[in-house]
Amino acid sequence: MAFARGDVEKTYLAVVNGMLASSLDIYRPLALQGTRGLVAIRMIVDDAGMPSRTLIDPVAFDPETRRCWVLCRPRTGRQHQIRAHLAWAGYPIVGDKLYGQSDEVFDRLTRDPSLVVKLECPRQALHATRLSFTLGEKRFCFLAPLPTDMLRLTQIDPRVFCRSRNAHC
């Protein structure tokens, strides 16, 4: 309820494949894929799904790796919302085995965990970087340090991220 009213704000940083040139306001409904595909737990854009909105802002692009750091601010709280919206928009999160791969590749990875160590990034490069909320008359803001494994995915100066994630504290 507090999230829906805007009393609680969550901000994430992600590393995505591709260059996001401008901000995105993705307002697309999401639903479980269920029996419509091999992987039932995947969320898909579906007009019959739950209303879902994610604001995405590019932070920095690394031309060497062709990867972009993006700031993600979900306005609703659906399962896998950021991951599903970014993949739908054509910017899958680096290391996302569910949304960055086909159903068949994800199925193989879940059946043979030894394949995961062969991936460049064994986890999705998505990090909850800031949480802020109002309690009574006071606004609270908490920041989480960036994980070093994500910093290694690009050649971007980490100070760039500090400016973008602190903007609303």
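A residue is called buried when its relative accessible area is under 20%, exposed when over 50%, and partly exposed in between, with a 1.4 Å probe and protein chains only. Good morning. The model before us is predicted, so local features need pLDDT of at least 70 and side-chain atom pairs count only at pLDDT 80 or more, while totals for chains, interfaces and linings use all residues. Residues are numbered from 1 along each chain as its sequence is written, and side-chain values use heavy atoms, with hydrogens and water left out.

Let me begin with glutamine 33. Is glutamine 33 buried or exposed? Its relative accessibility is 9%, and therefore glutamine 33 counts as buried. Contact here means heavy atoms within 4.5 Å. Leaving aside neighbours within four places in sequence, glutamine 33 is in contact with Leu38, Val39, Ala40, Arg42, Ile44 and Asp103. With aspartate 103 there is also a side-chain polar contact of 3.0 Å (a pair of N or O atoms within 3.5 Å; within protein, one must be able to donate a hydrogen and the other to accept it, and residues adjacent in sequence count only if both atoms are side-chain atoms). Between lysine 10 and glutamine 33 lie 25 Å, C-alpha to C-alpha, at a separation of 23 residues in sequence.

I turn now to the interior. A nonpolar core is a set of buried Ala, Val, Leu, Ile, Met, Phe, Trp, Tyr and Cys residues joined through side-chain atoms within 4.5 Å. The largest has 26 residues, and Val16, Val70, Cys72, Leu86 and Ile93 have the most contacts inside it. A second, separate core of seven residues includes Leu30, Met43, Leu98 and Tyr99. Valine 70, for its part, is in contact with residues including Tyr12, Val16, Ile56 and Leu86, its neighbours within four places in sequence left aside.
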